[in-house]
Amino acid sequence: MIEYKQIFENNKKWIEQKQNSEADFFEKLNKEQHPDYLYIGCSDSRVTAEDLMGAEPGEIFVHRNVANMVISIDLNVMSVINYAVRHLNVKHIIVCGHYNCGGVKAAMTSKDLGILNPWLRNIRDVYRLHKEELNAIEDEHLRYNRLVELNVREQCINVIKTAAVQEHYIKDKLPTVHGWVFDISNGKIIDLDIDFRKELEGIREIYNLMGTGK
Ligand code: CO
């Protein structure tokens, strides 16, 4: 485990490293950001954003919360999406879940989790939507991993439901939305290959906010 004091030592080394690779690194960074990606992931300490993608500062706009949820009345995530799409013009939005997600596991247990109840209720709703498929999986671990995947898909759909994404996509054919699962056991990113256009078409039947018909 990293000691508190060590953080500042590490920071010094990191500054040196960056400056050695690019003398004006911080000068450039200081100007402004032009990230192509919005990453929405879990707060879990084992699932980093930039690190697992090999990305540099300035490349990824990041939002993390318990179980990578995109909830329409969460002002935080909605502000992040709005800013990323309308002001940063990101090209890709990634929702990244991970196997062994404590939030998803908690949502599968019959227990009063206090303040987490309303948050995790949204995962229980995902379970209800896919109850038949999930109940048919006998192995508890596999069922739980499948819920992780289905939750990522539903959160991608929630991203697509936003006015910012619908409007921008119609105008610029950007951004596209991707669903990933990070496998902590081997470090791999699994792309769930969500068909963005098909999902967009599907949800616009009910969630169309642009008044331009189907
Ligand atoms: Co998690």
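**Surface, pocket and backbone features of the predicted model**

F8 counts as partly exposed, because its relative accessibility is 48%; buried means under 20% relative accessible area, exposed over 50%, and partly exposed in between (1.4 Å probe, protein chains only). The structure is a predicted model, in which local features need pLDDT of at least 70, side-chain atom pairs count only at pLDDT 80 or more, and totals for chains, interfaces and linings use all residues. Residues are numbered from 1 along each chain as its sequence is written, and side-chain values use heavy atoms, with hydrogens and water left out.

F8 sits in helix α1, residues 4-21. Helices (H or I, at least four residues) and strands (E, at least two) are DSSP runs, numbered from the N terminus. Together with I2, Y4 and I7, F8 forms a nonpolar patch on the surface. The accessible area of this patch is about 460 Å². Accessible areas come from the Shrake-Rupley method with a 1.4 Å probe; for residues, only the protein chains shown count as cover. Like charges are joined within 9 Å, and nonpolar side chains (Val, Leu, Ile, Met, Phe, Trp, Tyr) within 5 Å.

The largest pocket holds about 400 Å³ of space. Its lining has 18 residues, of which V70, I71, S72, N122 and N158 are the closest to the centre. Helices α6 (116-129) and α8 (140-160) are the elements that give two or more residues to this lining. The largest share, 6 residues, comes from α6. A pocket is an open set of points on a 1 Å grid over the protein atoms alone, where a 1.4 Å probe fits, with protein on both sides within 12 Å along at least five of seven lines; lining residues have an atom within 4 Å of a point. Grid points are joined across faces, edges and corners, and the volume is the space filled by probe spheres set on the points.

Several loops carry backbone features. N68 lies between β2 (60-65) and α4 (75-86). This residue has a positive phi of about 45 degrees, although it is not a glycine. N68 counts as buried, because its relative accessibility is 2%. K173, in the loop between α9 and β4, also has a positive phi, near 60 degrees. K173 is exposed, with a relative accessible area of 52%. P175 lies in the loop between α9 (163-172) and β4 (176-183). A cis peptide bond joins L174 to P175, with omega about -5 degrees.

Notes:
Patch = residues over 30% accessible without salt bridge, like charges linked within 9 Å, V, L, I, M, F, W, Y side chains within 5 Å. Salt bridge = Lys/Arg side-chain N within 4 Å of Asp/Glu carboxyl O.
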